[in-house]
Amino acid sequence: AGRRAGERMKKNEAEAGMEDDCCSFPHPEASNYCHICTRKATAANPALSCANLHKLSSACRKIVCRVCVEAFRLAEDFEAARGKAAGWMCAHCKDECPRSSHCHAYAKKNASIQLQKRAMGMHH
């Protein structure tokens with residue numbers, strides 16, 4: 001079943017005119033968790049979705065919750081930025097992520113893993 005699902009995905013990508021090495025998703029959906037703090041988006045703490053969600057060449061699924069948008073001043077007006085016509089772009093796509101965001105945490109962890117591999121003589 002897994003192989004068939006993978007084959008269907010490749011077929012869907014081809015039908016959508018996407019290249020095999022493309023980093024997009026065939027049917028992109030916004031994440032459920034804030035890119036900065038990992039809180040789940042809820043009615044009490046809604047989130048902004050990146051305007052690049054539906055770009056074919058580089059779909060961005062990141063969301064940022066209201067708490068982080070306001071704390072890091074990522075939008076002048078949260079409600080205005082929430083409108084589909086607003087075209088709000090996330091901090092990640094603008095290369096302006098705060099140090100507490102997932103990408104910084106992953107980069108730090110990956111660098112640590114690479115150093116450990118080099119120390120053990122396992123680099124490629």
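1. Arg66 and Glu79 form a salt bridge, with the closest N and O atoms 2.6 Å apart; the term here needs a side-chain nitrogen of Lys or Arg within 4 Å of a carboxyl oxygen of Asp or Glu. This pair links distant parts of the chain, with Arg66 in helix 2 and Glu79 in helix 3, 13 residues apart. Helices are DSSP runs of H or I with at least four residues, strands are E runs of at least two, and both are numbered from the N terminus. Keep in mind that this is a predicted model, where local features need pLDDT of at least 70, side-chain atom pairs count only at pLDDT 80 or more, and totals for chains, interfaces and linings use all residues. Residues are numbered from 1 along each chain as its sequence is written, and side-chain values use heavy atoms, leaving out hydrogens and water.

2. Arg66 has another partner: its side chain meets that of Glu70 in a salt bridge at 3.7 Å, N to O. Glu70 and Arg66 sit 4 residues apart in helix 2, so about one helical turn separates them. On accessibility, Arg66 is partly exposed at 24% relative accessible area, and Glu70 is partly exposed as well, at 47%. The cut-offs are under 20% for buried, over 50% for exposed and in between for partly exposed, with a 1.4 Å probe and protein chains only.

3. Glu79 also pairs with Arg82, the closest N and O atoms being 3.8 Å apart. Both residues lie in helix 3, 3 residues apart, about one turn of the helix. Glu79 counts as partly exposed at 43% relative accessibility, and Arg82 is partly exposed with a relative accessible area of 43%. Put together, Arg66, Glu70, Glu79 and Arg82 are linked in a network of salt bridges, and the model's count comes to 3 salt bridges.

4. Now the core. The largest nonpolar core has 16 residues, and Val64, Leu74 and Trp88 have the most contacts inside it. Strand 2 (63-65), helix 2 (66-71) and helix 3 (78-82) are the elements giving it two or more residues. Such a core is a set of buried Ala, Val, Leu, Ile, Met, Phe, Trp, Tyr and Cys residues joined through side-chain atoms within 4.5 Å.

5. Which residues does Trp88 touch, leaving aside neighbours within four places in sequence? Trp88 is in contact with Leu48, Ser49, Cys50, Ala51, Val64, Leu74, Ala75 and Ala81, where contact means heavy atoms within 4.5 Å.

6. On the cysteines, the count comes to 0 disulfides, a disulfide being a pair of cysteine sulfur atoms within 2.5 Å. For Cys68, the nearest cysteine sulfur is that of Cys37, 3.6 Å away; for Cys97, it is that of Cys103, at 3.5 Å. Cys68 counts as buried at 3% relative accessibility, and Cys97 counts as buried at 13%.

7. Last one: His35, in the loop between helix 1 (2-15) and strand 1 (47-49). His35 counts as buried, at 8% relative accessibility. Setting aside neighbours within four places in sequence, His35 is in contact with Lys62, Ile63, His92, Cys97, Ser101, His102 and Cys103.
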